[in-house]
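Here are a few friendly notes to read alongside the model. Please keep the 3D view open as you go through the points.

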Amino acid sequence: MTDTADTRPLTGAIPSDGSALGLAGYHRSGGYEGAAKALREMTPDGIRDEVTKAGLRGRGGAGFSTGRKWGFLPRQDGGQRYLVVNGDEMEPGTFKDRVLLEGNPHQLIEGMVISAFAIQASQAIIFLRGEYTLAAQRLAVALAEATDAGFVGGNLLGTGYDLEIQLHSSAGRYICGEETALLTSLEGKRAIPRAKPPFPQTSGLWGCPTVVNNVETLCNVPHIVRNGSAWYRSLSCGEDGGTKIYGVSGRVKRPGAWELPMGTTVREILEEHAGGMQDGYRLRGLLPGGASTEFLTADQLDVAMDFGSVEKAGSRLGTGTMIILDDRTCPVGMLLNLEHFFAQESCGWCTPCRDGLPWIERMLEAIENGEGRPEDLDLLAMHVDLLGPGKTFCALAPGAMEPLGSGLKHFRADFERHIAEGRCPWRQ
Ligand SMILES: Cc1cc2nc3c(=O)[nH]c(=O)nc-3n(C[C@H](O)[C@H](O)[C@H](O)COP(=O)(O)O)c2cc1C
Ligand code: SF4
């Protein structure tokens with residue numbers, strides 16, 4: 001479900017009947033005006049400066065400045081370079097890119113045209129989650145429309161700039177969302193991350209300079225170019241520029257996704273847009289930005305959902321899509337469910353993650369089934385440290401430890417009760 005508001009720039013044009021916005025409808029809402037302006041009136045450096053000044057930060061989870069990332073490419077030498085769109089979106093609880101892809105595929109294509117021009121790439125690839133078949137169909141139709149209209153292909157709008165866009169559906173692993181594993185997978189190899197440096201901007205797809213950006217990140221670009229960085233910044237009520245697609249899942253009255261000013265508080269998203277908790281359920285905590293973030297608690301509802309504020313509150317904005325923990329759901333069971341996912345999705349390349357995550361899953365399973373021992377809590381805490389930042393080859397394992405470490409802190413009494421009573425108190 002998606003609420004739209006006509007004052008918002010990003011998803012404002014998404015039809016509310018579940019269909020996709022076609023080229024004619026997209027044109028009526030000012031579509032491709034940003035691409036025409038960028039290609040005809042702006043230089044690649046000028047576009048990058050505008051995007052940097054706008055304060056656009058990557059919406060894939062890490063929040064790196066988009067303009068600065070583009071600036072790390074080596075100076076143009078006429079060689080091949082690539083723009084790759086990360087549409088893998090397998091983070092549990094995250095569904096914001098699907099809304100954009102299914103509802104307004106031309107917006108992504110326009111963002112790709114401008115961004116590829118800004119980095120002087122002549123090839124762009126959309127890497128799409130395998131299960132997103134409706135998005136794939138709609139993107140294919142939109143790509144054909146955009147090619148017929150001269151926005152994709154050779155000599156775009158008569159400017160001499162060429163851009164080919166390909167759509168690639170993933171075979172389906174969470175690790176393919178990690179940008180270097182994504183590139184390795186596109187090259188037809190086993191999807192394992194690469195060491196950084198070199199970063200993709202200097203050596204990416206087939207060793208060529210490559211920028212990987214998230215779907216939502218690129219959907220912001222046409223609006224920044226069309227309306228300017230000052231306008232874009234003014235949309236936000238927080239430190240970072242623009243708007244954000246926030247989402248809520250769990251036992252709320254209206255789970256869904258909404259485009260709101262960046263920096264909207266947890267309380268407004270939860271109570272006004274998601275309608276508050278369902279009758280008979282009380283909020284205990286929430287993962288603010290998908291499964292790989294730390295719990296915020298019910299007394300932190302006034303935290304602004306921007307990168308800096310969520311970090312100060314002890315978690316991460318991540319993907320900005322909250323997962324709610326209510327008082328009738330067992331926190332140990334919830335964590336078991338999440339760690340089962342992460343253990344299953346470990347790519348197996350490094351030992352702490354490959355061996356540690358299944359251990360963690362088994363310990364949680366034992367506690368949930370009433371077979372836990374008091375010392376298991378220290379063992380779990382030790383694993384949170386062993387799989388923490390800097391100890392594994394990529395960020396999958398440290399991400400998996402964020403809900404677990406914070407869950408052990410905030411819901412320790414629940415763990416202890418399982419062990420003391422030899423059963424899950426939430427089970428009949
Ligand atoms: C395990 C793992 C999974 C990830 N999955 C995604 C994903 O599905 N989509 C995404 O955009 N970024 C994902 N990322 C982050 C990407 O590595 C990368 O930071 C992002 O695509 C950069 O785009 P941005 O700068 O526009 O945010 C993932 C990272 C990790 C470690
Ligand atoms: S941390 Fe996990 S997913 Fe990342 S490289 Fe190591 S084994 Fe693979």
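**Notes on the model**

1. T293 touches L287, P288, S315, R316, G318, E402 and P403, leaving aside residues up to four places away in sequence; contact here means heavy atoms within 4.5 Å. T293 itself sits in the loop between β8 (283-287) and β9 (296-297). Helices (H or I, at least four residues) and strands (E, at least two) are DSSP runs, numbered from the N terminus.

2. A word on conventions: this is a predicted model, where local features need pLDDT of at least 70 and side-chain atom pairs count only at pLDDT 80 or more, while totals for chains, interfaces and linings use all residues. Residues are numbered from 1 along each chain as its sequence is written, chains are lettered from A and ligands numbered from 1 in the order in which they are written, and side-chain values use heavy atoms, with hydrogens and water left out.

3. Is T293 buried or exposed? T293 counts as buried because its relative accessibility is 1%, where buried means under 20% relative accessible area, exposed over 50% and partly exposed in between (1.4 Å probe, protein chains only). The side chain of T293 also reaches the backbone oxygen of G290, at 2.9 Å. That is a polar contact, meaning a pair of N or O atoms within 3.5 Å; within protein, one must be able to donate a hydrogen and the other to accept it, and residues adjacent in sequence count only if both atoms are side-chain atoms.

4. On the overall fold, the chain has 17 helices and 10 strands. Its radius of gyration is 22 Å, close to the 22 Å that the globule rule gives for 428 residues, so the chain is as compact as a globular protein of that length. The radius is taken over C-alpha atoms, and the rule is 2.2 Å times the number of residues to the power 0.38. Along the principal axes, the C-alpha atoms fill a box of roughly 75 × 45 × 35 Å.

5. Buried residues make up 59% of the 428 residues. Among contacts with a separation of 6 or more, 71% are between residues 24 or more positions apart.

6. Now to L101, which belongs to helix α5 (residues 96-103). L101 counts as buried because its relative accessibility is 1%. Not counting residues up to four places away in sequence, L101 touches L108, L128, Y132, A135, L139 and V215. L101 and E216 are 115 residues apart in sequence, yet 9.1 Å apart in space, C-alpha to C-alpha.

7. Which peptide bonds around P197 deserve a look? A cis bond joins K196 and P197, with omega about -5°, and the bond from P197 to P198 is cis too, with omega near 0°. P197 is in the loop between α8 (179-186) and β5 (210-214), and P198 lies in that loop as well. For context, most peptide bonds are trans, and most residues other than glycine have a negative phi.

8. Two backbone angles are also worth checking. Y32 has a phi near 65°, a positive value in a residue other than glycine; Y32 is in the loop between α1 (23-28) and α2 (33-41) and is buried, at 2% relative accessible area. E89, also not a glycine, has a positive phi of about 35°. E89 lies in the loop between β2 (82-87) and α5, and is buried with a relative accessible area of 8%.
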